[in-house]
Amino acid sequence: METMFDTLLQLPLFQGLCHEDFTNILEKVKLHFTRHKPGEPLIKSGEVCDQLLFLLKGRLSSVTVSEDDTLTVIEYFEAPAVLEPYSMFGMNTRYISSYIPHNEEAQMVSISKSFVMGELFKYDIFRLNYMNIVSNRAQNLYTRLWDKAPKDIEDKIIRFILGHIERMTGEKLFKVKMDDLARMLDDTRLNVSKALNGLQELNLLELHRKEIRIPDLSLLTEWNEKR
């Protein structure tokens, strides 16, 4: 049976640490364990990120809203996962998204920023894991910016989706009016609507009132790559 110790070692930032080093860490650090009911706000966008927050068990909804409130993007995170480790440092040390337990209780553990800086960064494996997470995210975002120009409106829509999500797989939900989406894509409402309906006919997404649901993003991107 998997123990809490084993679960913690599966977390992205601790992978590769030997049991002896991890035991030493646990003897020094104060781990704060919490449980959160479905729908109970866990983190709100704009709150100060002064801790490493890990999802040990459950599923979270990540909700990101544009500054003008015209676009809301919802993704889902499965345990084990770490929430926005890149938001703990830099010019803006606030959470970008809001996080809410989805359909089941979420079990969390947090570690203060002061302990991360004072103790965890002493371990080479932890520092390497942290740098890899932050570097991979920056490289992925940079690659998307310099990708080749879209070949048609369907490609443009998919590029727009990829430019606004954190993880490249799983279910995604975009809440946006068709007129606003057309403006963001710099295209006509008719062209955007026609392309979206074509993708719906292929069962790659679902259209609802002011909402686009993508059941599995990988299927959408694979279809686009094969054309």
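Which helices and strands are included in what covers the buried residues of H5? The cover includes helix H4 (124–145), S8, helix H6 (178–185), helix H7 (189–201), strand S10 (211–214) and helix H8 (217–226). This is a predicted model, in which local features need pLDDT of at least 70 and side-chain atom pairs count only at pLDDT 80 or more, while totals for chains, interfaces and linings use all residues. Residues are numbered from 1 along each chain as its sequence is written, and side-chain values use heavy atoms, with hydrogens and water left out. Helices (H or I, at least four residues) and strands (E, at least two) are DSSP runs, numbered from the N terminus.

**Domains and their interface**

- The domain assignment of the protein chain gives domain 1 (2–142) and domain 2 (151–224); the bounds come from an automatic or database domain assignment.
- The centres of domain 1 and domain 2, taken over C-alpha atoms, are separated by 28 Å.
- In domain 1, 14 residues are in contact with 14 residues of domain 2, where contact means heavy atoms within 4.5 Å.
- Between domain 1 and domain 2 about 1300 Å² is buried, with carbon and sulfur atoms giving 50% of that area. Buried area is the accessible area (1.4 Å probe) that two parts lose on being put together, summed over both.
- Of the area that domain 1 buries against domain 2, 39% is supplied by Thr 70, Leu 71 and Glu 75, more than by any other three residues.
- Three salt bridges are counted between domain 1 and domain 2; a salt bridge is a side-chain nitrogen of Lys or Arg within 4 Å of a carboxyl oxygen of Asp or Glu.
- Seven residue pairs are in polar contact across the interface of domain 1 and domain 2, both residues being at pLDDT 80 or more. A polar contact is a pair of N or O atoms within 3.5 Å; within protein, one must be able to donate a hydrogen and the other to accept it, and residues adjacent in sequence count only if both atoms are side-chain atoms.
- On the side of domain 1 that touches domain 2, strand S4 (residues 72–78) gives the most, with seven residues.
- The residues on that side of domain 1 divide into seven nonpolar, two polar and five charged. Here Ala, Val, Leu, Ile, Met, Phe, Trp, Tyr, Cys and Pro count as nonpolar, Asp, Glu, Lys and Arg as charged, and the others, Gly among them, as polar.

- Seven of the 10 residues of H5 are buried, so H5 is largely enclosed by the rest of the structure. Buried means under 20% relative accessible area, exposed over 50%, and partly exposed in between (1.4 Å probe, protein chains only).
- The buried residues of H5 are Ile 153, Asp 155, Ile 157, Ile 158, Phe 160, Ile 161 and Leu 162.
- A side-chain oxygen of Asp 152 comes to within 3.3 Å of the backbone nitrogen of Glu 154 at the start of H5.
- Ile 165 sits in the loop between helix H5 (153–162) and strand S8 (172–175) and is buried, at a relative accessible area of 5%.
- Leaving out residues up to four places away in sequence, Ile 165 touches Val 73, Glu 75, Arg 144, Lys 172, Phe 174 and Leu 217.

**Salt bridges**

- The whole structure holds 16 salt bridges.
- Lys 28 pairs with Glu 119, with the closest N and O atoms 3.7 Å apart. This pair links distant parts of the chain, 91 residues apart: Lys 28 is in helix H2 (residues 19–28) and Glu 119 in the loop between helix H3 (113–118) and H4. Lys 28 is exposed, at 51% relative accessibility.
- Arg 137 and Glu 166 form a salt bridge at 2.9 Å, N to O. Arg 137 in helix H4 and Glu 166 in the loop between H5 and S8 are 29 residues apart. Arg 137 is partly exposed at 24%, and Glu 166 is partly exposed at 32%.
- The side chains of Arg 59 and Glu 171 meet in a salt bridge of 3.9 Å, N to O.
- Between Glu 206 and Arg 213 the closest N and O atoms of the salt bridge are 2.8 Å apart. Salt bridges with shared partners join Arg 59, Glu 78, Glu 171, Glu 206 and Arg 213 into one network.

**His 36**

- His 36 lies in strand S1 (residues 32–36) and is buried, with a relative accessible area of 11%.
- The side chains of His 36 and Glu 40 are joined by a polar contact of 3.4 Å.
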